[in-house]
Amino acid sequence: MLATFPGMTGTTAGAAPEATRRPPRGRGTELGLLVLAVLLPVYGYCAVGLAKNGTLPPGAAGHGAGLGAFALLAHLVVRRRAPYADPLLLPIAVLLNGLGLVLLFRLDLETPEHRAAPAQLVWSTVGIVLFLAVLLLLRDHRVLRRYAHLSVCAALALMLAPVFFPAVNGARIWIRAGGLSLQPGEFAKVLLAVFFAAHLAAGQQALVHTGRRLGPLRLPTGRVLGPVLTVWLLSVTVLVLERDLGTSLLFFGLFVVLLYAATGRIGWIAAGLLLASAGAWLVGRYEPHVHARITEWLHPFASIEAGEGPGQLAQSLFAFGAGGATGTGLGLGHSVLIGFAAKSDFILATAGEELGLAGLSALLLLYALLVERAYRAGLGLRDAFGRLLATAFAAVLALQVFVIAGGVTGLIPLTGMPMPFLAQGGSSVVTNWVIVALLIRMSDSARRPRTAADTTTGTTADTAAETAADTAAETAADATADTTAAGNTAPGPAPATTAKGTPEAAPAPRPLAAHAEQDAP
Amino acid sequence: MTRYIRRVALCCLLPLLALLVNAGRLQLVEAGSLEANSANRRAGIERYQQPRGEILVAGRGITGSKDTGENLRYERTYREGPLYAPVTGFDSQTYGSSLLESAEDAVLSGTDPALAPFGSLAALAGADPGRSPGGRVFTTLDPAAQRAAFEGLGDRKGAVAALDPSTGRVLALVSTPSYDPGVLSGTSASVGRSWKRLEADRDQPMLNRAVRGTYPPGSTFKVVTAAAALDAGLVRDLDAPTRSPDPYRLPGTDRLLGNEARGCRNASLRYAFAWSCNTVFARLGVRTGLPAMSRTAGHFGFDDASLRIPFPVAPSTFDTGMDRAQLAMSAIGQFDTRATPLQMAMVAGAVAAGGAVKPPYLVDKVTTGEGRTVRRTAGARARQAMTPATARRLAELMTTAVEEGSGRKARIPGATVGGKTGTAQHGVANSGTPYAWFVSWAQSEAGDAPPVAVAVVVEDAAADRAEISGGGSAAPIARAVMEAALGR
């Protein structure tokens, strides 16, 4: 990416002459990419207007200006408060959010009485405001681990709340108050990730090294695994009660991934997958709502043969098929035939039809890039909590994209879930902006050059001690090969692997770290 | 921990790959079959996205398009629906299309590559030039003849086909009772109700009797029998008495065939034709023999399932595997001989055109929406059904039948008119109400108009059985149509 925009990195250097001595922070790249990320949706708006009405939509300029203003504001805040953050995160988020608004604007033209774009615009604004708030208020992600128990209580409360509200389309996942409807499960995603990461990071050593052996398996002590399992079971039970299988799957996946990342115990993953398969089989067999979804997945065209017309999945497949390689062009497809949920769960079908395989692949790769940057942020961090949290967000995004994209393309049974940033849904957009903000915060500390001042002021005594314990435990757990393997990645200025061998609190490695900084490209 | 996170990250590549491969399968490999799925409404949406091209009669459009602003946007309208329904057919968002709307759909809906500039070249090169604005289809119909036929039939059940035998241009194509095809345009509930009502109607208003109804031709088939006999040289003098008994015993059976007319014993061919003596023609058919009879019938167009005008015409049939008694009955248009009104108009027309049968056609030319002619029907090569000499003598017989015989109601001052009446028995043991037939041709004596040939069939269930006769019910309609076609 840096090679692609040499001029942009150059402008940073020109604007700040002292930058020549500092490692590149990528803020110029970010700005350049942001311009693209704003222009592309504006272009999309114009294409929709021209295709549908033959004129440029009257709001195009205002829309572009608004999106641009927000992007610029976000960029300035990132530049000031997270100067070393990964330059790809913000542009990807802006681009996906902008494209989502274009798709909703386009679909609104087919259903003028039910417009989704204006509300989505408001929610996007709320999301960006929260994004700014997180960056301004949260100076260090490690602060979050103090609120692990508060998080889990809040998460459970949020997940329980919809039980007291009427079910919508078979799923009890909504809270309705006034004209607003919220999906608290979305917010719970972030809170649960924080809790899992904090708890697993704290108990990592115990998880790996204590417990009874049972054949090839090493059973963890109940004290360590107990709370996690309980919380997980509770959340899954609540979700099955609420019939929101997608989110349930997401939490389960998140839990398994984090457990593996924290312990490396493949046996537990196998056990988890086995449990999940058994659960899925049971639910698929005895829960009519889910059973219907599985039947539809296996035979998407059965309803046509039965003379009842095409179902939603069949309509979605038709839409993808109509797109072909290059798509019909924005505004020229008929994905609105999907009907209900065309703007939320099935938004990808519109992208597939009007942007074609090319556009769809580009979108999927954008998500892949976002996930990759999240993992990279995690790998660059030195504290176990941060690593696990970044991994959690990466896994949540990846799982969510896979579950919903796979669902609407007939790869796996369909479970209702919003496509991050693209789909209609305020809770989802807001949550995703918060996740991006946290990722930016974490990538900032991952890529920040480590100086003596940084270590002493940035971390409190207790967290430093914890980190030291984490890394020590990890070094013991990981093979030495890990260190060498990690050494040849990390192109950024964060020499995590070099610093890893010894506790951070010790003064000895600091010159080493400083040396690595100067070597960084 | 780094190693495990790295592994988790690598594991994420697998679903990404699966998603991309699945998207490729869906959008590249299966796109065609998904598009072709009958439940996929995209083809319909695209098809109705633009106004449909017009169908014209004598340069005036008889169809239109209404913008509903709905998903299947433009709906078909018809200016004089019932009058032209047997020609246009319908074009429905719900039930597809029929007749000309179906046969010329590529032009009307704009998918015909020839409509696009250099479209034919593009199509040759294998490229799809895409959808053009709907083209215009000019028919060969004569609006006056069409209206005369429609009003002549009135509320009786029947059909009329008229054509110009010198070219094959179809001048009138009417079937009654008719219907307004416009009621089938669109997707509303009333469309479904109309369809059900039309389908359930015992009079079958959507059946185009002129080209899809096959009737026993009765005595009008005697034109074919006479042509075969004259060509075979069995009769040299039209006025010489034939040695025909009355009643005639069907060969190989004990069944006796009688006559409605008088004076048929040993009647001359001229008399037998003018007054429709069954005995004379049954015997003549047997003497001509099955091979010659079926050959002549085939030349007239019987047993030809490939005729398109451009929509398909039901084949008229003349059985080729009969014994002599069956042949005798077939020679007078009974047994399992069947003919469409259009086929019988072709028979009459061949007599007027010196024995040549020009395949009929309904579409004169096709132009783009702006008027560039895309193709013009040249008319296929004529087929000789009988020698010109036979045609001349047959014309004489038919003229006599109109001037002195059973077809007097078809006479037109200032025109030479030849005709043949028919009353066809049908049903189990001939219990059904007979069909009244009249086939005829007319030529202006002044030579100022092309000739016209007409076939009229009236299945009049309401009338008294005795009243049904080709000469009584059908001939006046034929006259009105011929007068209109000759411009009188």
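# Two chains, questions and answers

Visitor: What does the secondary structure of chain A come to?
Guide: The model is predicted. In chain A, the secondary structure comes to 22 helices and four strands.

Visitor: What does the secondary structure of chain B come to?
Guide: Chain B has 488 residues. Its secondary structure comes to 19 helices and 18 strands.

Visitor: What share of the residues of chain A count as buried?
Guide: A residue is buried when its relative accessible area is under 20%. Chain A has 521 residues, and the share that counts as buried is 54%.

Visitor: What share of the accessible surface of chain A belongs to carbon and sulfur atoms?
Guide: The accessible surface of chain A comes to about 21,300 Å². Carbon and sulfur atoms account for 69%.

Visitor: What box do the C-alpha atoms of chain B fill?
Guide: The box is taken along the principal axes. For chain B its dimensions are roughly 115 × 50 × 45 Å.

Visitor: Among contacts in chain A between residues at least 6 apart in sequence, what percentage join residues at least 24 apart?
Guide: In chain B, residues 24 or more positions apart account for 70% of the contacts with a separation of 6 or more. For chain A, the share joining residues at least 24 apart is 73%.

Visitor: Which residue just after α14(A) takes a positive phi?
Guide: Gly321(A) and Gly323(A) are among the buried residues of α14(A). Just after the helix, a positive phi of about 60° is taken by Gly324(A).

Visitor: Is Leu31(A) buried, partly exposed or exposed?
Guide: Leu31(A) is found in helix α2 of chain A, residues 27-53. Together with Leu72(A) and Leu76(A), Leu31(A) makes a nonpolar surface patch of about 250 Å². Its relative accessible area is 33%, so Leu31(A) is partly exposed.

Visitor: Which cysteines does a disulfide join?
Guide: Over all chains, the structure holds one disulfide. It has an S to S distance of 2.0 Å and joins Cys264(B) to Cys277(B).

Visitor: How many residues apart are Cys264(B) and Cys277(B)?
Guide: The link is left-handed, with -80° about the S-S bond. Cys264(B) is in the loop between β11 and α13 of chain B, and Cys277(B) is in the loop between α13 and α14 of chain B. The pair links distant parts of the chain, and the separation is 13 residues.

Visitor: How many salt bridges does the structure hold over all chains?
Guide: Side chains of opposite charge can pair when their charged atoms come close. One such salt bridge joins Glu80(B) and Arg60(B), with the closest N and O atoms 3.7 Å apart. Over all chains, the number of salt bridges is 32.

Visitor: Is Glu75(B) buried or exposed?
Guide: Glu75(B) forms a salt bridge with Lys66(B), the closest N and O atoms being 4.0 Å apart. Lys66(B) is partly exposed at 45%. With 10% relative accessibility, under the 20% limit, Glu75(B) counts as buried.

Visitor: How many residues apart in sequence are the parts tied together by Arg209(B) and Glu459(B)?
Guide: The side chains of Arg209(B) and Glu459(B) meet in a salt bridge at 3.0 Å, N to O. Both Arg209(B) and Glu459(B) are buried. Arg209(B) lies in helix α11 of chain B and Glu459(B) in the loop between β18 and α19 of chain B, so the separation of the parts in sequence is 250 residues.

Definitions and conventions
Residues numbered from 1 in each chain as written. Chains lettered and ligands numbered in written order. Predicted model: local features only at pLDDT ≥ 70, side-chain atom pairs only at ≥ 80, totals over all residues. Heavy atoms only, no water. Buried < 20%, exposed > 50% of the residue type's maximum accessible area, 1.4 Å probe, protein only. Helix = DSSP H or I, 4+ residues; strand = E, 2+ residues; numbered from the N terminus. Patch = residues over 30% accessible without salt bridge, like charges linked within 9 Å, V, L, I, M, F, W, Y side chains within 5 Å. Areas by Shrake-Rupley, 256 points an atom, 1.4 Å probe, with all protein chains shown as cover. Contact = heavy atoms within 4.5 Å. Disulfide = S-S within 2.5 Å.
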